[in-house]
Amino acid sequence: MLNSMTAFASATGTHQAHGWTWDLRSVNGKGLDLRLRVPDWIEGLEAALRARLGKALTRGNVNLSLRVHAEDQSGQLTVNDALLDDILTAMAHVEARAMQTGVTLAPSTPADLLAMRGVLDAGGGDQDTAPLRDALLKDFETLLTGFLEMRASEGAALRSILSGQLDQIAKLVEQAAAAAQVREGQMAETLRAQLARVTDNADPVDEPRVAQELALIAVKSDITEELDRLRAHVGAARDLLSQGVPIGRKLDFLSQEFNREANTLCAKSQHTGLTAIGLDLKAVIDQMREQVQNVE
């Protein structure tokens, strides 16, 4: 099964006095980058979520957001007395300094103090968060299942696209092989005509040296190895697509090898028809490389 690195899932849930909203999404990434925004007052939650995601995924930039709120806040709000005392002490110091310098400050209200982060706690203070954590982790499994299903669905579409592109590459390789045979005959005739003009209008030539130079030209323009390697790459890519493990990195490397061989083929072509086929090859390979960036 081929998985995409692009997916999204969201969900909501409740447990006793709390409700929550999940948001899980991922995009392309060279490795696995997990970014979690979860309440830090629920002990052990982030570590458990990070471990579960690390087990289920191998690549992608993954963002998980969890917002937890109290369903019924009556009797749930508590004031952090220690923090409030520190704030009041700091405020008294600020007011004293302001009076010394002749600066008049606007009076603070209880609402101002309660709005300060950490003063008013809706999490229940020192309550046991283990039941809520367990409920969240159980609900997260459902969220993760939907997320993985979307990655698999996107992966199936990617597999179809990549298979079609490999078929195009294989077809173009055979067209290049046929064009190379046509080019070989044309090159032989051209070389013979050029050699005849040289020998007719020059002093006696060193025929062995001429033959050596002609052989060197033929070797430099031979694309047999490039075609063989392209065929081998097509076979290797198809084998990878049939595997049930993450193959994104291997496919990315293989697509670079495809591109290298296509570039060499174009450089050696010396034939308009073969050059056109080489350019078509490069176009399909570039399209394939773009799709490969989405593969886990």
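Predicted model: local features only at pLDDT ≥ 70, side-chain atom pairs only at ≥ 80, totals over all residues.

Colleague: In which sense do β1 and β2 pair?

Modeller: β1 and β2 pair in the antiparallel sense, over nine bridges. Strands are DSSP runs of E with at least two residues, helices are runs of H or I with at least four, and both are numbered from the N terminus; two strands pair if DSSP finds at least two bridges between them. Within this pairing, Phe 8 stands opposite Arg 25 in β2.

Colleague: How many residues lie between β1 and β2 in the hairpin?

Modeller: Two residues lie between them. Gln 16 belongs to this loop, which runs between β1 (7-15) and β2 (18-27). Gln 16 has a positive phi of about 50°, although it is not a glycine.

Colleague: Is Gln 16 buried or exposed?

Modeller: Gln 16 counts as exposed because its relative accessibility is 71%. Buried means under 20% relative accessible area, exposed over 50%, and partly exposed in between, with a 1.4 Å probe and protein chains only.

Colleague: On to the helices. At what angle do α6 and α7 pack?

Modeller: Helix α6 (residues 224-241) and helix α7 (residues 248-268) pack at about 160°, with their axes 10 Å apart. Axes are lines fitted to C-alpha atoms, for helices over the stretch in contact, and angles run from 0 to 180 degrees between N-to-C directions. The two helices are therefore roughly antiparallel to each other; angles under 35 degrees count as roughly parallel, over 145 as roughly antiparallel, 65 to 115 as roughly perpendicular and the rest as oblique.

Colleague: Which residues make that contact?

Modeller: Among them are Leu 227, Leu 230 and Val 234 of α6 and Leu 251, Leu 254 and Phe 258 of α7, where contact means heavy atoms within 4.5 Å.

Colleague: And how far apart are the axes of α7 and α8?

Modeller: The axes of α7 and helix α8 (residues 272-292) are 9 Å apart, at an angle of about 165°. α7 and α8 are therefore roughly antiparallel to each other. Their contact includes Leu 251, Phe 258 and Leu 265 of α7, and Leu 274, Ile 285 and Val 292 of α8.

Conventions
Residues numbered from 1 in each chain as written. Heavy atoms only, no water.
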